[in-house]
Amino acid sequence: MAMTKIYTGKTKDVFQLDNGNVLLKFKDDCTGADGVFDPGANTVGLQIEGVGKVNLRMSVYYFEKLREAGIKTHYVSANIDDTTMEVLPGKVFGHGLEVICRRKAVGSFFRRYSEYIEEGADLPYYVEMTFKNDEKGDPLVTKEGIVALGVMTDAQYDAVADMTKKVTKIISDDLAELGLELYDIKFEFGHDGDDVYLIDEIASGNMRVYKDGEYIDPMSLSDLFFKAR
């Protein structure tokens, strides 16, 4: 099948397929600095052999689980050996929007609201959204702000928030079977008109997971995840 590169990303390259779909090529490049892996960094800092395949395998595992649950995603199929995933085309919201679902008060949430809550306290599948903008520090935005700016409609926001909670619970319950506890997770969504669906990837670098009260870094999490499968 013929394909044309349309975007070079930090951890994935994107190709247009002649059937109208898009191909994502997962790379071994990792975000970080000075050779230290940091999933939240904005620059490529190192290469870790095989990490692209690991991220693809976990994404495929969860996309197929979500498909079984009737939740819409952009996932079509994947070739693990080639580290590629075929996905449906679609538009992102605005210039890119990250959706975080929090089950525990940690990280930036705790730093913002520490005078009101204890670190590690339970949260009721709390959903927040931030604009993807490195220069502005990925600013938080409210539902009213998103609608007023024309980034989402009221109905699209509600659909994304509802899907975020459902997907988080599926992943959380799955990890719990391995003795792992999901504290928070980051998603991206796309849309085709009013139809919204989960996009990008579902990999260890997008989630904060603990075991027996101890944080598990993304690479160790991937190892634990696949050894138990």
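**View 1. Aromatic cluster of Tyr61, Tyr62, Phe225 and Phe226.** In this predicted model, Tyr61, Tyr62, Phe225 and Phe226 belong to one aromatic cluster. Rings of Phe, Tyr and Trp (its six-membered ring) pair if their centres lie within 6.5 Å; a pair is stacked with planes under 30 degrees apart, edge-to-face over 60, and tilted for the rest. The count under this rule is 10 aromatic pairs. The model is predicted, with local features needing pLDDT of at least 70 and side-chain atom pairs counting only at pLDDT 80 or more, while totals for chains, interfaces and linings use all residues. Residues are numbered from 1 along each chain as its sequence is written, and side-chain values use heavy atoms, with hydrogens and water left out.

**View 2. Stacked pair of Tyr183 and Tyr210.** The ring centres of Tyr183 and Tyr210 are 3.8 Å apart and the planes meet at 10 degrees, so the pair is stacked. Tyr183 is in strand β13 (residues 181-192) and Tyr210 in strand β15, so the pair ties together parts 27 residues apart in sequence. Strands (E, at least two residues) and helices (H or I, at least four) are DSSP runs, numbered from the N terminus. Tyr183 is buried at a relative accessible area of 10%, and Tyr210 is buried at 16%. Buried means under 20% relative accessible area, exposed over 50%, and partly exposed in between (1.4 Å probe, protein chains only).

**View 3. Charges over the rings of Phe226 and Tyr183.** A charge sits over a ring if NZ of Lys or CZ of Arg is within 6 Å of the ring centre and within 35 degrees of the ring normal. Arg57 places its charged end over the ring of Phe226, 3.9 Å from the centre. Over the face of Tyr183 lies Lys104, at 5.8 Å from the ring centre.

View 4. Leaving aside residues up to four places away in sequence, Ser59 touches Phe26, Glu201, Ile202 and Ala203 (contact means heavy atoms within 4.5 Å). Gly205 is in the loop between β14 (195-199) and β15 (207-211) and is partly exposed at 25% relative accessibility. Ser59 and Gly205 are 146 residues apart along the chain, with 11 Å between their C-alpha atoms.

View 5. Not counting residues up to four places away in sequence, Gln156 touches Phe93, Val151, His191, Gly193, Asp194 and Val196.
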